[in-house]
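Dear colleague,

Here is the structure we talked about passing on. My notes follow below it.

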Amino acid sequence: MADTVIAVGVADAIGVPRLVKGLAELADIVPTAAPRVVFNKVRTAAVGRAPETQLREAWERFGPAAGISAFLPVDVAAADQALLAGTALLETAPGSALRHAIAALAGVPVAERSRRRPGRLLPNVKFSGNTDRLPR
């Protein structure tokens, strides 16, 4: 029932074959599906020099007919920072290459936001009166 299927695979020697297998299984189950292929965690250490070129050439040779829609670079620092803060990449790492690649995949224009200072509340944000605290 999905409008769009995005098939995401890790860009390494294990992830690429798994993605190929997963796409074959998807084609068996839903023959009308036309997934958008996305490689995640793209890095030279796992793929070699010019990883996007390497992945594209390997995909054209061994992968299914579906083209590659996006390459998401690995950005451990930005992802960890967002995870630790419980925020989106837009809030913690607006200049991250990963954030820009995800925005491009989603078709969202990438506009740099000014970062607000930590601890400052936005004037129109309202919080509930719940005063219960978790024990430390």
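Phe39 and Phe71 are both buried. The model is a predicted one, and these two residues belong, together with Trp59, to one aromatic cluster.

The structure contains two aromatic pairs. Trp59 is buried, as is Phe39. Phe39 also pairs with Phe71, and here the rings are stacked: 6.2 Å centre to centre and 20 degrees between the planes. That pair links distant parts of the chain, with Phe39 in strand β2 and Phe71 in strand β3, 32 residues apart.

On helix α3: the 12 residues of the helix (residues 51-62) should span 16 Å at 1.5 Å a residue, and the end C-alpha atoms are 16 Å apart, which agrees. Pro51, Leu55 and Trp59 are the buried residues of α3. They cover an arc of only 65 degrees around the axis, so they lie on the same side of α3. The buried residues of α3 pack against α1 (15-29), β2 (36-42), α2 (44-47) and β3 (68-73). Exposed Glu60 and Arg61 are on the face of α3 turned away from its buried side.

As to confidence, the chain has an average pLDDT of 83, and 82% of the residues score at least 70. Over residues 119-136 pLDDT stays under 50, and the model has two contacts beyond four places in sequence for that stretch.

Regards

How values were computed:
Residues are numbered from 1 along each chain as its sequence is written. This is a predicted model: local features need pLDDT of at least 70, side-chain atom pairs count only at pLDDT 80 or more; totals for chains, interfaces and linings use all residues. Side-chain values use heavy atoms; hydrogens and water are left out. pLDDT is the predictor's confidence in each residue, from 0 to 100. Contact means heavy atoms within 4.5 Å. Helices (H or I, at least four residues) and strands (E, at least two) are DSSP runs, numbered from the N terminus. The expected span of a helix is 1.5 Å times one less than its number of residues. Buried means under 20% relative accessible area, exposed over 50%, partly exposed in between (1.4 Å probe, protein chains only). The arc is that of the directions from the helix axis to the C-beta atoms. Rings of Phe, Tyr and Trp (its six-membered ring) pair if their centres lie within 6.5 Å; planes under 30 degrees apart count as stacked, over 60 as edge-to-face and the rest as tilted.
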